[in-house]
Amino acid sequence: MSQLTALKSASTLHDVAAILGFKPSALSYLLYVCSEATKYRTFDIPKRSGGTRQIAAPVGPLKLLQRRLADVLQNCVDEINRTNKRSDDDKQPDCIAHGFKRKRSIITNARQHRNKRFVFNLDLEDFFGTINFGRVRGFFLKDKNFALQPKVATILAQIACYQRALPQGSPCSPVISNLIGHVLDIHLVRLATLTGCTYTRYADDLTFSTNKQAFPSMVARSAVGNEHVWEPGKELGRLVTKSGFAINTNKTRMQYRDSRQEVTGLVVNSKVNVRQEYRHTVRAMVHRLLSTGSFDFEYTTTDSAGVKSTIKTLGRLTQLHGMLAFIDGVDLSNKSVLPKASGISLTSKELMYRRFLLYKDFYAATTPIVMCEGKTDNVYIAHAIRSLATLYPKLATVGSSGKITLTIRRFKYPGKKTRKHQSRNAGNSTGRILGVNGGSNDVGNFMRTYAAEIGRFRAPGKLHPIIVLIDNDSGAAPVYNTIQRLTGTKPTGTEPFIHIIGNLYVVPTPLLTTKASMIEDFFDSATRAIQYKGKPFDPSNKFDSKTHYGKADFAYKVVQPNADKIDFNGFKAILDRFSDVIDQHAKTHNAVPLSIPAVAAAAAP
């Protein structure tokens, strides 16, 4: 049964609780016993346009309840769209609302208004506050797609509302506001079609654009006596009021083609782009970080009197990471709709992003890092450390309650979907930007890149080692060739570890009775003999799936679910090397190796 069908069939609090994964007694307690003061944390945040905005954030179980309601309602929306054959593709004509929706963003919103003669923006007044308890309950009662039982509609409204309205800060306010705002969207997209405009909405931000010679007066018109001051047209105002909303008359603006046009903070004159000032600010922050180890985060606010002031605080790495990811996301979006450029070289913005990632995740790492050749190796190492935690205090801690916490960080590779695409335009941003998606070739590329870039960093760092674990077999040839290029000496394969540059080390799997080894060799024979779906395990990359199963199933279907029963003593030989690297680096990390300039030069393209 679909979640929409379950909601429409529900008639009691018990039914709603089951749909949301809550005990009926817990749901009843939250709705009818807890006071609102204990369920929400309220605080003000400054608006860029002046004044403050009150945020009412749910806490504890209520936040979880609202998040589950949001997921259920979004799944219902997806089902309704499929039933009504509405496309999720942002390039389709019915792509109207872009805020708080799956597959939508400020980028898809802005894209609809690229390269237009006129772009008109306006805001709705107190958008969430105007959606009160009665409107929420009434929607779930009367909307033809939901038509819920009265008691169920009341319960959903009680879950969603604070002080009789949708609060800003609730996980379910966005999806409910879009459901109720859809009536407004239908009215305004009809107006846009009638007048030759494109219309979109992002939360309370409405945008109309057109290439007509004159902007339609039904949508907006010049103020009397000042042709550059614009106000909403009468028909637009009537439809907004009819839909139960109000226009904020202080926040309307018309943007012309010969000036910079912005929609939801993005420039749309030709392609969707980030403001030039924003990019310059981010570049300066990255430069300062790599030079000194810190940077200032500045932003401008406007008080209720209209006075602007600049606030400066010590920047956080997460802030800068988000800003770089935002710029990268806009660029990726453009690549998805514009003709593909030839070549695979990184752009200047991607190079800046790469340097930041190398600094943040490796050079300035706060714990030792283990980079394996793939995701399955990560599974083995994590469970081996957990199993042997008491023997390796440098790799894990064991709490008084017996809880084991790894004190090393494993580099995580992109998920399955991104592994299909090895181009720079696809995949997890870290894997794509660093060129690391798994395998010995990618590991070699990472080593060359890190060796070339480390010479640019003047900030303090290298406190903890980067440990690259590789299989010591024929597949290690690319890594060993890279090591020879960077250090001048080709490994023999018998070394317990090899120092490359700075805090970068390579640990080959120890040789066993043969002249080669791979990580799967360190499982005991009983584990390697476990069959899955009646098939034996074949660790080679060319296994026959009809007769054998491979590394992925061995890691996720055999090792992971049976980790508590598996003998990981064979992994001591590997974990000993990890501990030795950590000890060695602790002795030498304050000294700058004399070979760094030469190694960096050798690593350069």
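How exposed is threonine 487, in terms of relative accessible area? Threonine 487 is partly exposed, at 33%, where buried means under 20% relative accessible area, exposed over 50% and partly exposed in between, with a 1.4 Å probe and protein chains only.

Welcome to this structure. It is a predicted model, in which local features need pLDDT of at least 70, side-chain atom pairs count only at pLDDT 80 or more, and totals for chains, interfaces and linings use all residues. Residues are numbered from 1 along each chain as its sequence is written, and side-chain values use heavy atoms, leaving out hydrogens and water.

The chain contains 22 helices and 19 strands; these are DSSP runs numbered from the N terminus, with helices (H or I) of at least four residues and strands (E) of at least two. Of its 605 residues, 47% are buried. Its C-alpha atoms fill a box of roughly 85 × 60 × 50 Å along the principal axes.

Here are two residues to look up:

| Residue | Location | Relative accessibility |
|---|---|---|
| Threonine 487 | helix H18 (residues 477–487) | 33% |
| Valine 33 | loop between helix H3 (24–32) and helix H4 (36–39) | 55% |

Setting aside residues up to four places away in sequence, threonine 487 touches His499 and Ile500, a contact being heavy atoms within 4.5 Å. The C-alpha atom of threonine 487 is 71 Å from that of glycine 233, which is 254 residues away along the chain.

Valine 33 counts as exposed because its relative accessibility is 55%.
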